[in-house]
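Thanks for coming. I will go through one structure today, starting with a contact between chains and ending with the packing inside.

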Amino acid sequence: MHTAAGVEACLPIRSDMDLVWVRQHVRQAAARLGFGLVEQTKLVTAASELARNTLVHGGGGQMEAVHVSSGGVHGLRLSFTDEGPGIADLDQALSDGYTSGNGLGMGLSGARRLVHDFDIESTPGAGTTVRVTCWAAQPPRPREEV
Amino acid sequence: MPEHEADGQLATPTHEVRDFLNRRREQIAQRWADEPLFRTVFTVSRDEAVEAGKVVVDALAQVADSDQVEDPDAAGFSGVREQLARMGAARSRAGLSNTQVSSELAALRPPVENLLAADLEQAPPEHLRACSTALTVLMGTLRLVAMQTALSEWQALSDRQQMQLMEVATPVIRLWDGIVAVPLIGTLDSARSQVVMETLLNAVVDQHARFAILDITGVPTVDSLVAQHLMKTVAAARLMGAQCIVSGIRPAIAQTIVHLGLDLDVITRASLSDALGYALHQLGADIVNPGTGQR
Amino acid sequence: MSEAYSRPVTGHVPVLRLGDVLLVTLQGDLHDSTAQQLQQDLAETISRTGVRGVLIDISGVEIVDSFLGRVLAEIAAQARLLAARTVVAGMRPAVAITLVELGLTLPGLSTALSTEAGMELLGQQAPVTRPGSPRQESP
């Protein structure tokens with residue numbers, strides 16, 4: 001069955017090289033938990049956006065990946081933590097097109113649309129934590145259940 | 001005619017009920033065979049209904065024997081679950097609502113109760129009352145078991161049908177070299193839209209299709225959510241290098257789209273054949289009437 | 001996916017010249033700096049060679065996030081200023097679905113199903129055989 005091995009990890013986000021490791025880890029973990037190709041791609045993309053935010057706006061930090069399960073469904077929870085300047089206006093940061101860096105302003109708001117649960121905490125001056133969760137099984141359930 | 005046997009000490013009410021069920025097995029089954037629940041399900045012969053009734057009586061006696069008259073999970077019921085489910089399913093197929101099936105199950109109680117009352121005519125009134133209560137509880141539990149079983153069957157059936165619907169309802173058809181189409185039928189919810197989108201885009205890759213036609217003739221309503229799903233599919237196909245055409249927009253849906261203020265920034269055609277004509281034209285092939293040489 | 005992490009692409013992405021078109025094949029997981037380097041390399045190569053088209057094959061790319069999306073859009077915009085057309089070819093369905101969900105529809109970008117279709121779009125026949133293109137199953 002699914003074990004924590006290869007799924008749970010804590011990865012540093014210090015350089016754009018680390019973003020590659022984050023993406024690869026998330027893809028492997030999601031594949032191991034039985035995510036479909038599209039769900040995998042969405043989660044990896046969200047992780048890439050959030051990790052880049054951690055790097056660019058938070059001055060670096062880390063990502064923690066945890067295996068969660070509920071009612072027999074497997075999921076992956078990713079927490080991105082930095083100790084950077086924090087976000088003063090969360091509503092603004094979460095709106096489409098808002099950018100303080102060199103992206104298309106789709107980072108936070110876009111990542112939010114790619115995952116099932118999205119949660120952000122930020123204290124100006126103390127840092128930001130973004131927690132996202134994606135579940136492997138969505139309504140079109142596997143056949144063997146029948 | 002009452003056959004009383006209360007000589008000396010009295011059995012416990014549940015055991016009295018058990019003995020009664022064993023003794024009156026034939027008569028109870030005979031009476032149930034006339035009730036709609038048995039009569040309409042076992043139509044081959046009356047004997048078939050009587051036999052089915054006996055199986056249920058035996059199960060009840062077994063449950064009473066184990067003193068579990070209130071427990072729907074009692075082992076005695078396991079043997080009749082399947083039969084009860086079949087009966088319930090047959091009745092609901094005949095068009096009965098759950099409530100109607102439930103009251104048909106309730107109708108099984110009075111004949112048994114009358115038999116019990118007749119049997120215990122000579123017994124002390126409080127003993128009769130206690131036995132009758134035990135029987136009522138037992139019959140109530142039977143009803144619960146039957147409903148539970150039927151409901152879980154219906155749930156499983158509905159899940160299965162939903163799943164099949166999702167798969168069956170999104171066939172991708174190759175209309176021409178480089179042209180695929182999905183005729184959408186029924187309501188588009190989020191889960192189904194996701195399936196449609198993935199199926200169509202995979203077909204675009206597999207078939208090297210430059211054109212993908214989404215035909216919504218069979219979609220009853222287009223609200224802003226459905227429109228959004230359509231637009232996402234169109235946008236994703238474009239990113240892959242294919243062009244989407246939405247066809248089959250009925251007048252009422254066109255009105256809704258305008259009223260909702262939705263901007264469907266996409267190529268649309270009234271019918272699937274118009275969409276095919278457009279795509280063929282774009283591919284450099286035209287449909288020509290051989291008689292006149294006109295398109 | 002294999003068990004081992006695939007090697008991330010660092011440094012320069014090779015830019016091939018096929019007649020009037022520059023062909024770039026992106027593979028695997030792209031480093032941010034590599035993508036930026038490519039953007040710069042392409043601008044220089046276009047102005048030096050005066051080609052009329054740029055074809056970027058992304059059929060080997062597993063994810064496009066907003067960063068890579070922005071790089072692709074900027075490559076197309078700067079190529080346009082240098083009088084060259086850009087076509088992005090072979091985007092995978094899962095990548096396309098994700099980009100749309102992310103909110104990036106990249107309206108300024110021309111797209112094609114495959115490098116062949118991209119070449120056609122750029123007004124040139126595809127070379128006879130080009131090994132290594134992942135999406136070249138029998139048509």
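**Chain contact, helices and cores**

The contact between chains C and B takes 14 residues from chain C and 15 residues from chain B. Before going further: this is a predicted model. On the side of chain C that touches chain B, α3 and β5 (110-112) of chain C each supply at least two residues. The largest share of that side is five residues, and it comes from α3(C). Sorted by class, the side of chain C that touches chain B has 12 nonpolar residues, two polar ones and no charged ones.

Next, chain A. Its secondary structure comes to four helices and five strands, and from the N terminus the order of elements is β-α-α-β-β-α-α-β-β. Chain A has 146 residues, of which 41% count as buried. If we take the contacts in chain A between residues at least 6 apart in sequence, 63% of them join residues at least 24 apart.

Let me stay with one helix of that chain, α4(A), residues 107-114. Which of its residues are buried? They are Gly107(A), Leu108(A), Gly110(A), Ala111(A) and Leu114(A). These residues lie on the same side of α4(A), because they cover an arc of only 165° around the axis. As background, an α-helix has 3.6 residues a turn, so residues three or four places apart point the same way. What covers the buried residues of α4(A) includes, from chain A, α2 (37-56), α3 (90-93) and β5 (127-135). The cover also includes α2 (66-81) and α3 (93-102) of chain C.

Now a helix pair in chain B. The axes of α2(B), residues 25-33, and α7(B), residues 109-119, come within 9 Å and cross at roughly 145°. The crossing is right-handed. From α2(B), Gln27(B), Ile28(B), Arg31(B) and Trp32(B) meet Pro111(B), Val112(B) and Leu115(B) of α7(B). By class, the residues of this contact are five nonpolar, one polar and one charged.

Last, the cores. The largest nonpolar core has 116 residues, and Leu43(A), Val204(B), Ala212(B) and Ile213(B) touch the most other members. Helix α10 of chain B, residues 224-240, gives the largest share of this core, nine residues. What does Ala212(B) contact, leaving aside its neighbours within four places in sequence? The partners are Val180(B), Leu200(B), Val204(B), Ala237(B), Ala242(B) and Cys244(B).

Key
Residues numbered from 1 in each chain as written. Chains lettered and ligands numbered in written order. Predicted model: local features only at pLDDT ≥ 70, side-chain atom pairs only at ≥ 80, totals over all residues. Axes fitted to C-alpha atoms, helices over the stretch in contact; angles between N-to-C directions. Left-handed = near helix turned anticlockwise from the far one by under 90°. Contact = placed C-beta atoms within 7 Å. Nonpolar A, V, L, I, M, F, W, Y, C, P; charged D, E, K, R; others polar. Buried ≥ 20, exposed ≤ 12 C-beta atoms within 10 Å, placed from the backbone. Arc of directions from axis to C-beta. Core = buried A, V, L, I, M, F, W, Y, C linked by C-beta atoms within 7 Å.
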